[in-house]
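Visitor: I am new to this structure. Please take me through one part of it closely: the place where two chains meet.

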Amino acid sequence: MRALLLLLGLLLMAASASAAPGQIVIPVARYSGKAALPGTPVIGTPTSLRVSLDVSDNTDPTVAWVITVEYSTDGGSTWQPAGNCARNGFAGPVTDKNGQVVTTSGCAFSFPNGANRLRGTLQILGGALSTLGRIEWE
Amino acid sequence: MPRLTRLLLLLWLVLLPTAAHAAIAEVGAGSQRAKGQFDNGTTAGIAFPGNVGNANLVIAAGACWRNTGVGTLTVSDTRTTAYTTRQYFSNVDANYMVFIAYGVTPSSGANTVTVTAPNANTYCSWGIDEFSGVDPANPTDVDGGGVTTASTASPSSTITTRVANALIIGALLFETTPVTTITPGGSYAQISEEEDNSAHQAFNTEFRNDATTATTYTVDWALSVARVTDIYVIAFQPTAAAGSSRAGIGFGVGPGMID
């Protein structure tokens, strides 16, 4: 019985040490001004952090969006910047190097050392934007 | 020769090799390395994992692609470092561009480095790092410029340093597809890499800080698949106290390069 409990404990430790995927969802909506993206716990030790946003409606060059990601190493008492990305509106379809139309935009950063909580903001400059997206890590 | 003079001469001879071998150092032995990218975007900022020091060299180096040309990048940071940005557009496909941007920090503290493209539909990926011991007033030893290689699994360029104890930084670019493994040359340490940036540009940045002699160095990588690549190389010089000999700045701006 003791050996079984020890084995179970070791398995739990191994599971907690690995990276668990997590995300902050940016729900579909028409955004203007600044929207807070809620603080979310990080499980395990992720290595990558990625932001993606639908830009189908991001065609007005006078409208831009900015996503800022912050991390905490103390459960949310203090916050530091992890990274940010932004895009100005672009009129007309965007194509990738294979000529395929692209409707998403995004960015990625190294996962901040010791982060146990992430949060973000989505800010729309120059108007409003209908979109959805996510901040995800693994 | 008076005894005191002989003693001072002996002391100088003992200390000289130590001074001559004081190399430029990567701050935190790699703990300040970080990577960032944006896809179909305009700009992104990456935070250094730890505070940067005052008067240190900070670099952002990587690659970009845009279907009708990338244009001129802007690099900045939250410490208001003044960056020099060198870009090289591929001779084979000018929509691909490799770059090295660098500057000397005006103060210490938290720092986020931002790379901005002039157009919204740009793909960029790059790494950042910090080095101490670089001459803050005159960091560049030699700007080796950019080259486009033939298809090869062993891409390389060369740079001839002008001072002892130079820091050499190389940035490599090629088109992804198929995804290709990149290994820095045996004398180099990797700063950062991206082998598949949304199936656009791949990059790898590497450095060596053991270029003790002013001579010609090969800057190389090994790829799992032969590719046409673009390479940019710059050497940086140490502070006057660390270098045993110094020269004026070498400069070579080649075709396709912009400042």
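**Where chain B meets chain A**

Guide: Start with who takes part. Chain B brings 29 residues to the contact, and chain A brings 26 residues. Keep in mind that this is a predicted model.

Next comes area. The size of an interface is often given as the accessible area lost when the parts come together. Here chain B and chain A bury about 1900 Å² between them. Carbon and sulfur atoms account for 44% of that area.

Now look at charge. Two salt bridges are counted between chain B and chain A. In a salt bridge, the side chain of Lys97(A) meets that of Glu175(B), at 3.0 Å from N to O.

Polar contacts come next. Across the interface of chain B and chain A, 17 residue pairs are in polar contact, both residues at pLDDT 80 or more.

Turn to the strands of chain B. Both β2 (34-41) and β3 (43-47) supply at least two residues each to the side of chain B that touches chain A. The most comes from β2(B), which gives eight residues. What is the make-up of the side of chain B that touches chain A? Its residues divide into 14 polar, 11 nonpolar and four charged.

Finish with β3(B). This strand pairs with strand β4 (residues 80-88) of chain A. The pairing is antiparallel and runs over four bridges. Find Ala86(A), then look across to β3(B): the bridge partner there is Thr43(B).

Terms used: Residues are numbered from 1 along each chain as its sequence is written. Chains are lettered from A and ligands numbered from 1 in the order in which they are written. This is a predicted model: local features need pLDDT of at least 70, side-chain atom pairs count only at pLDDT 80 or more; totals for chains, interfaces and linings use all residues. Side-chain values use heavy atoms; hydrogens and water are left out. Contact means heavy atoms within 4.5 Å. Buried area is the accessible area (1.4 Å probe) that two parts lose on being put together, summed over both. A salt bridge is a side-chain nitrogen of Lys or Arg within 4 Å of a carboxyl oxygen of Asp or Glu. A polar contact is a pair of N or O atoms within 3.5 Å; within protein, one must be able to donate a hydrogen and the other to accept it, and residues adjacent in sequence count only if both atoms are side-chain atoms. Ala, Val, Leu, Ile, Met, Phe, Trp, Tyr, Cys and Pro count as nonpolar, Asp, Glu, Lys and Arg as charged, and the others, Gly among them, as polar. Two strands pair if DSSP finds at least two bridges between them.
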